[in-house]
Amino acid sequence: MSFPLDGVSLDAPLLDGPRLRPKAGGAADSLVVLLHGYGADGRDLIDLGNAWADLLPHAAFISPHAPEPCGQAPVGRQWFPLTFRDPHELPRGAQAAAPLLRAFLDVELAKLALPPERLALVGFSQGAMMALKVGLAEDLRPAAVVAFSGMWVDASAPHPAPVSNPPPVLLLHGEDDEVIPAQALFGSAKALAAAGVPVEWHLSPGLGHGIDDAELAIGGSFLAQSLGGRSHGAR
């Protein structure tokens, strides 16, 4: 699962958004990239970095704005268009948007002199789809992927291809999600496990399409565990 970068320049970031420097000061030893949902922008998730700063005091956080204006809302951004009518638009859209996001990650890691093993991807809803799409690419292998209220878009394939050397994945979902039904959690977890991905999941009772305090704590602990045990220079 690789993404051609033809026509995508790595000379400068192609996406940008709110950033947080490491709480402890000094150089960052890891990078957490926060990918917002459909119709939002980078400001929607950057506060997750503040919530996790004590757990990851040496991490830098960035929450890039998606590349396109949202087609179904007067404000906000989208990683790819949604018509809510085409059953194939999720895998096709995520595949099309992946090279731009991957180019951005390469630039940001180079700026911090960090290897991919010091990267964690966190996404919400459509951003979770992008985190899983790019995070499971065979040529990236980040430290971890955390997906809130989303799904693995490649789970719809009859027999998902095995993922080579995958990162650990955490799926979190609200039991009462009115946008992406909770069944997507179970379908994604089953397909990821079948593809050889180490996957954990958590279902939040009574939660709709959002992130609650319990999920915030679980996600932060997962990131700290995934990033804390790796040395800066490991490859």
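Let me begin with Phe-186, which is partly exposed at a relative accessible area of 31%, where buried means under 20%, exposed over 50% and partly exposed in between, with a 1.4 Å probe and protein chains only. This is a predicted model, in which local features need pLDDT of at least 70 and side-chain atom pairs count only at pLDDT 80 or more, while totals for chains, interfaces and linings use all residues. Residues are numbered from 1 along each chain as its sequence is written, and side-chain values use heavy atoms, with hydrogens and water left out.

A search of the whole structure finds one aromatic pair, meaning rings of Phe, Tyr or Trp (its six-membered ring) with centres within 6.5 Å, called stacked when the planes are under 30 degrees apart, edge-to-face when over 60 and tilted for the rest. Phe-186 and Trp-201 form this pair, edge-to-face, with 5.3 Å centre to centre and 80° between the planes. Phe-186 sits in helix H4 and Trp-201 in strand S9 (residues 199–204), 15 residues apart; helices (H or I, at least four residues) and strands (E, at least two) are DSSP runs, numbered from the N terminus. Trp-201 is also partly exposed, at 47% relative accessibility.

Turning to the lining of the largest cavity, its residues include Leu-132, Met-151, His-173 and Ser-188, a cavity being a set of points on a 1 Å grid over the protein atoms alone where a 1.4 Å probe fits but cannot get out, with lining residues having an atom within 4 Å of a point. Strand S8 (169–174) and helix H4 (183–194) each give two or more residues to that lining.

Technical notes
1 Å grid on protein atoms, 1.4 Å probe; cavity = no way out; pocket = protein on both sides within 12 Å on 5 of 7 lines; lining within 4 Å.
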